[in-house]
Amino acid sequence: PPPSSAKEGAGAPKPVADAAAFAAMETGGSYYLTANITVSETHSAAFSGTFDGKGFKITTSVPLFDTFEGTAKDFTIEGSVTSNADRAGAFCNTVVGDTTLSGIINKASVTGSMSATAKSDDLGVSGVYGGIIGTTLKSINVTIESCENYGKISGYDAGGIAGKTHCKLTVKNCKNFGDIDSFDVGAGIIGWTWDEYTIVGRVYG
């Protein structure tokens with residue numbers, strides 16, 4: 001028999017039914033939506049784990065995550081995101097570790113700054129905005145699969161799926177239907193990529 005200290009169901013995915021439960025998600029955990037929710041505050045803790053939207057909708061006025069690492073899938077983002085951050089996306093501002101994103105549909109507009117300034121970190125300038133993610137750290141592996149953007153993305157550098165990537169990136173079957181308004185560099189899928197990338201399947205943008 002298991003030790004008496006063992007907890008039944010420890011490590012099992014946990015349900016998220018509202019904004020309070022979303023904000024309380026702990027790094028290293030596995031979570032899934034059980035209802036449509038509305039979020040008004042970014043999950044500011046560095047999140048590493050699994051987030052399964054189960055086909056539900058998140059309405060938001062802010063990026064859902066500041067930083068993200070892990071797996072996120074199967075949800076729709078709606079609303080209007082305006083950010084003064086250096087880099088922003090409707091799903092997350094910066095991907096910081098090996099990550100797979102799949103089945104994320106962004107219908108939220110993302111509006112950022114049309115100016116940029118040099119930054120002292122490894123990611124260069126500010127002013128980077130994307131429909132799903134703003135940017136990524138270097139030397140990580142990121143796969144973005146079957147994701148779509150319908151929102152208008154505005155910023156100094158802008159992309160329908162990601163503003164700028166610095167990672168080893170694989171994009172599979174992604175689509176952009178939203179308008180891209182950029183001062184410097186803009187594109188339907190990835191505004192600007194600095195590292196190795198692979199396109200698989202059909203990509204529209």
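Guide: What follows is a dialogue on cysteines, the core, salt bridges, strand pairing and a loop residue. This is a predicted model, in which local features need pLDDT of at least 70 and side-chain atom pairs count only at pLDDT 80 or more, while totals for chains, interfaces and linings use all residues. Residues are numbered from 1 along each chain as its sequence is written, and side-chain values use heavy atoms, with hydrogens and water left out.

Visitor: How many disulfides are there?

Guide: A disulfide is a covalent bond between the sulfur atoms of two cysteines. The criterion applied here is a pair of cysteine sulfur atoms within 2.5 Å. By this rule there are zero disulfides.

Visitor: Is Cys92 buried or exposed?

Guide: Buried means under 20% relative accessible area, exposed over 50%, and partly exposed in between (1.4 Å probe, protein chains only). Cys92 is buried because its relative accessibility is 0%. Cys167 is likewise buried, at 0%.

Visitor: Which residues touch the most other members of the largest nonpolar core?

Guide: A nonpolar core is a set of buried Ala, Val, Leu, Ile, Met, Phe, Trp, Tyr and Cys residues joined through side-chain atoms within 4.5 Å. The largest one has 44 residues, and Phe91 and Leu101 touch the most other members. Strand β6 (residues 65-82) supplies the largest share of this core, six residues. Strands (E, at least two residues) are DSSP runs, numbered from the N terminus, as are helices (H or I, at least four). Contact means heavy atoms within 4.5 Å. Beyond its neighbours within four places in sequence, Phe91 has contacts that include Phe65, Phe68, Phe75, Leu101 and Ile132.

Visitor: Where does Thr60 lie, and which backbone oxygen is 3.3 Å from a polar atom of its side chain?

Guide: A polar contact is a pair of N or O atoms within 3.5 Å; within protein, one must be able to donate a hydrogen and the other to accept it, and residues adjacent in sequence count only if both atoms are side-chain atoms. Thr60 belongs to strand β5 (residues 57-60) and is buried, at 4% relative accessibility. The oxygen in question is that of Val39. Leaving aside neighbours within four places in sequence, Thr60 also contacts Ile77, Glu78, Gly79, Ser80 and Val81.

Visitor: How many salt bridges does a search of the whole structure find?

Guide: A salt bridge places a side-chain nitrogen of Lys or Arg within 4 Å of a carboxyl oxygen of Asp or Glu. The search finds three. In one of them, Glu78 meets Lys57 at 3.7 Å, N to O. Glu78 lies in strand β6 and Lys57 in strand β5, so the pair ties together parts that are 21 residues apart in sequence. Glu78 is partly exposed at 25%, and Lys57 is partly exposed at 30%. Lys54 bridges to Asp52, with the closest N and O atoms 3.4 Å apart. Asp157 and Lys164 also meet at 3.4 Å, and both are buried.

Visitor: In which sense do strands β9 and β13 pair?

Guide: Two strands pair if DSSP finds at least two bridges between them. Strand β9 (residues 99-106) and strand β13 (residues 141-145) are parallel, with four bridges; Thr100 has Thr143 as its bridge partner in β13. Five bridges join β13 to strand β17 (residues 168-172), also parallel, with Glu145 opposite Lys172.

Visitor: Finally, where does Ser113 lie?

Guide: Ser113 is in the loop between β10 (109-111) and β11 (128-130), and counts as partly exposed at 28% relative accessibility. Its C-alpha is 8.2 Å from that of Val128, 15 residues away in sequence.
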